[in-house]
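Subject: Structure handed over

Hello,

Here is the structure you will be working with. My notes on it follow below.

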Amino acid sequence: MHESTKRLSYPYIVWISIIIIIPMLLIFLYSLIDPSDGNPMAFRLTIDNYVKFFSPIYISTLARSLWIAVWSTLACLLLGYPLAWVIAQCHPKKQSSLLLLFIMPMWINMLLRTYAWISILGKNGILNNILEFFHLAPVDIMYTDFAIILGMVYNFLPFMVLPIHTAIAKVDKNLIDAARDLGANNRQVFSKVVFPLTLPGIITGVIMVFLPAVSTFVIPQLLGGGQFMMIGNLIEKQFLLTGNWYFGSALSMILMIFILLSIWLMKRFDSDGQAGGALPW
Amino acid sequence: MTKTPLIEIKNLTKEYDGDIILKGIDLTIHEDEFVTLLGPSGCGKTTLLRIIGGFDTPTSGEVVFKGKDLIQIPSYKREINTVFQKYALFPHLNVFDNIAFGLRMKKVPESEITERVNRMLKMIKLTDFANRRIDSLSGGQQQRIAIARALVNRPKVLLLDEPLGALDLKLRQDMQYELKEIQREMGITFIFVTHDQEEALTMSDTIVVLNDGLIQQIGTPVDIYNEPRNRFVANFIGESNIVDAVMIEDYKVKFEGHVFECVDRGYNPNEAVEVVIRPEDLQIVDKEKGAFTGVVDSVIFKGVHYEIIVMVEGREYIVHSTQSAEVGSVVGMIVAPADIHVMEVGI
């Protein structure tokens, strides 16, 4: 690379060091400090924080978080793919306005949007009022896994739709004609040509939904009522309530390892290693 | 050789967004024929091909294939395969899997697929490339794979949409011979779309000249070249001199103040016609021996021949000759009766 071009990256290197690398190292350091000592400046290193995690209660919290995140991601994929397909078939002008419609809710604060779901799903919420109007039995969705998944799908769906839409829009129409010409019916055109060609977009979408879904604490707290804890809530609690930053840091590191592991697993589906281009790894 | 009709196209029209692309096409394509649809861009040749392939539906008219209405049959059930303009190879599959695609769709046993694909790879001389990625291949190689991918299905008809357009001149000429060879060997009807008249003349049994959504002329390359039916065909196929003339009587046509013998008949006495003379058929002689005379305006050396422009009373004649001439000199010109092609005015 040319020397002057290289210089352009210096501000970014400084930025990334201050706000990402140094804090990460600090978290890693914190996760290794013995909490019982009371004086962090003593730097008594230990792996106790990590060992503490391996008790059934914490492991089941992580498992639950992963489980709910997997379901949310799957729901986003099943809803998002057909949606992205329909949008991609529209006239280019219509496409941009439809995409805008999808992005617009993201301009509103996420907390506000999630609160809105409380007034829809709550005991005397809009949904139950409608059911009552039709003389149907009220449902109790609030504070269930379903409510959490619903909230996540609502919040994260655009992250699934956008990369998949980009991938579908990039598929050369001639390839679809060619597949038909060679004897592929509609289902085969999809499974043998369109799906493999849009796989990088799917993987990008899955990663972009799975990542926030596994670590969010706002949605489970508001819609799950905090009665079942997820890993995000657990970490939040360590920092804000219990004040055990050391254990919180260890939990963060463990979550990070699990996320990296899941990304690595998903990337293995994409043999070309060119996931959509939206993510820089 | 008796020819069996394979595809019959009757009064086919296509309207798209208010534009009429095809204005009534009647065409019969025979078995084992190499047919070229030739015309400038926008003449409707690709649309006609896409209708035969099943990627477009006509506004009205019929396409009959082996006695059956083809339009009702979806493209994936037609015994027709296509080589697309930009090849349209599947980027996520390797060379072998691209060629095998059609056979796999038809659930041909894998052992037979291997055999047939390998035979194709041998034919296109890319045996060692079976496991290569598509994007690692050159344009010429991709082209051959696209042809193999279509031919491996043993279609009755192969459609080729300007398949040589992206190749350089040398490769294009090689591929022209290869394609012609393949067509002869495999006994498949080829329908070839191009805007390149030389390509059409080299390869075809039959050329269909299209312009503005209408067929201008159907004929063998020799017919089309020697007996263009109108000004458009004469201009589109090769260079030509087109002269206003009067048909005195059968076998006699008058232009440039001279009555020439010719081989055309069937016109009304004294009917106004146009005469086409190919540049290589005009011969420059001494001014006394010429049927008519003119002044040499320019001489350009073209390699095999000289291109000489002769002005006759303000009209330009292009002459191709192996002999040069002196610029500014007065020369005579003659033309043999068989080389005078009479056609009707203004179709």
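The bend at a residue is the angle between two axes, one fitted to the seven residues ending there and the other to the seven starting there. Helices (H or I, at least four residues) and strands (E, at least two) are DSSP runs, numbered from the N terminus.

This is a predicted model, in which local features need pLDDT of at least 70 and side-chain atom pairs count only at pLDDT 80 or more, while totals for chains, interfaces and linings use all residues. Residues are numbered from 1 along each chain as its sequence is written, and chains are lettered from A and ligands numbered from 1 in the order in which they are written.

Helix H8 of chain A

H8(A) bends by about 50° at Phe156(A), and Pro158(A), a proline, follows within four residues. Of the 26 residues of H8(A), 19 are buried (20 or more other C-beta atoms, placed from the backbone, within 10 Å of their own), so the helix is largely enclosed by the rest of the structure.

Contact between the chains

Two residues are in contact if their C-beta atoms, placed from the backbone, lie within 7 Å. By that rule, 16 residues of chain B are in contact with 15 residues of chain A. On the side of chain B that touches chain A, strand E6 (80-83) and helix H2 (95-105) of chain B each supply at least two residues. H2(B) gives the largest share, three residues.

Domains of chain B

An automatic or database domain assignment sets the bounds: chain B is divided into domain 1 (5-231) and domain 2 (239-344). Their centres, taken over C-alpha atoms, are separated by 39 Å. The contact takes six residues from domain 1 of chain B and six residues from domain 2 of chain B.

Regards

Key. A residue is buried if 20 or more other C-beta atoms lie within 10 Å of its own, exposed if 12 or fewer, and partly exposed in between; C-beta atoms are placed from the backbone.
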